[in-house]
Amino acid sequence: MADAQAVAAVAAEHLLGARQDQPDRPLGLATGRTMLPVYAALRLQWGQLGRAEQHQLREGWLSFNLDEYVGLAARDRRSFAAFMADQLQDPLGLGPDQLQLPDGLAADPRQEARRYGAALAAAGGIGLQVLGLGLNGHVGFNEPPCAADAPCRCLELSATTRAQNAAAFGGDPQAVPLRAITLGLAEILAAERILLVVTGAAKAAILKRLLQDPPGPELPASWLRRHRAVTVIADAAALSPTAVPTAPPRPPDCW
Ligand code: GLP
């Protein structure tokens, strides 16, 4: 597709379509810069619906986000919970329980990860999962190396990811939390359908690897190739020719 706006419009159509076609299956949602135009397009398309349809979609809404930083309160502007409140919860008039995220302030993050994974399973698992792509090939916060059956867990973030996400922390990678709770590849691959959204020239090298390399732990997103219903939506910049970079550093796991 031509650009991030065109990608976003199609991704938003998929998300609203999933809520309309499968109202009993939770959506799987992502955060990050890639999702900003997607959620803007979703708000726009929502605004074009009739009141009765909006009401119906609002009543039945249930979504589970991929991840949250450990140590940040939901009211912290840098948390993914705050991101989702700004982008969807408040504009669409949804209740706080309708958008589920891991609790970044839980006293025991490992226990919270187990609770969150169990809550998703109890809700029937994800219907449509939307994903962005990390510069090191992560999805959610599943950092390389990552097995295809890794469950929802607490883990340490890589230097690459902390640098990638530093903008929300005053540009300082050291200010980005060390740990996060993320749905694993196990829960992501259990989704009925997956939508991978990739935009911008910075993602071209990792997208090229993803489309060419066989599935393996060094590129967590590559496990998506084993899923029966994955759609990749990318813009022209992300599909531009590029050199393949060297492998990023490995973070230790903490579970
Ligand atoms: C982040 C998030 C992912 C996100 C990805 C891409 O660290 N944990 O869910 O999809 O990295 O982020 P961005 O869209 O800002 O490039």
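**Close-up views of a predicted model**

**View A. A nonpolar surface patch brings together Leu211, Val232 and Leu239.** The patch covers about 260 Å². Patches here are built from residues with over 30% relative accessible area and no salt bridge; like charges are joined within 9 Å, and nonpolar side chains (Val, Leu, Ile, Met, Phe, Trp, Tyr) within 5 Å. Accessible areas come from the Shrake-Rupley method with a 1.4 Å probe, and for residues only the protein chains shown count as cover. This is a predicted model: local features need pLDDT of at least 70, side-chain atom pairs count only at pLDDT 80 or more, and totals for chains, interfaces and linings use all residues. Residues are numbered from 1 along each chain as its sequence is written, and side-chain values use heavy atoms, with hydrogens and water left out.

**View B. Leu211 sits in helix α8.** The helix runs over residues 204-212. Helices (H or I, at least four residues) and strands (E, at least two) are DSSP runs, numbered from the N terminus. Leu211 is partly exposed, at 47% relative accessibility. The classes are buried (under 20% relative accessible area), exposed (over 50%) and partly exposed (in between), with a 1.4 Å probe and protein chains only. Leaving aside residues up to four places away in sequence, Leu211 touches Arg225 and Leu239. Contact means heavy atoms within 4.5 Å. Ala221 is 10 residues from Leu211 along the chain, and their C-alpha atoms are separated by 9.9 Å.

**View C. Helix α5 has a buried side.** Pro109, Glu112, Ala113, Tyr116, Gly117 and Leu120 are the buried residues shown in α5. They lie on the same side of the helix because they cover an arc of only 135° around its axis. The arc is that of the directions from the helix axis to the C-beta atoms. Packed against these buried residues are β2 (63-65), β4 (99-100), β6 (153-156), β7 (179-182) and α7 (185-189). The face turned away carries the exposed residues Arg114, Ala121 and Ala122.

**View D. Helix α5 is shown end to end, residues 109-122.** Its 14 residues should span 20 Å at 1.5 Å a residue. The expected span is 1.5 Å times one less than the number of residues. The end C-alpha atoms are 20 Å apart, which agrees.

View E. A salt bridge is a side-chain nitrogen of Lys or Arg within 4 Å of a carboxyl oxygen of Asp or Glu. Arg115 is partly exposed, with a relative accessible area of 35%. Glu112 is buried, at 6%.

**View F. Arg78 pairs with Asp76, and Arg77 with Asp86.** The structure holds 5 salt bridges. Arg78 and Asp76 meet at 3.0 Å, N to O. Arg78 is partly exposed at 35%, and Asp76 is buried at 19%. Arg77 and Asp86 meet at 2.3 Å, N to O. Arg77 is exposed at 58%, whereas Asp86 is partly exposed at 36%.

**View G. Gln164 lies in helix α6, residues 159-164.** Gln164 counts as buried, at 15% relative accessibility. Beyond residues up to four places away in sequence, Gln164 touches Arg33, Leu133, Gly134, Leu135, His138 and Lys203.
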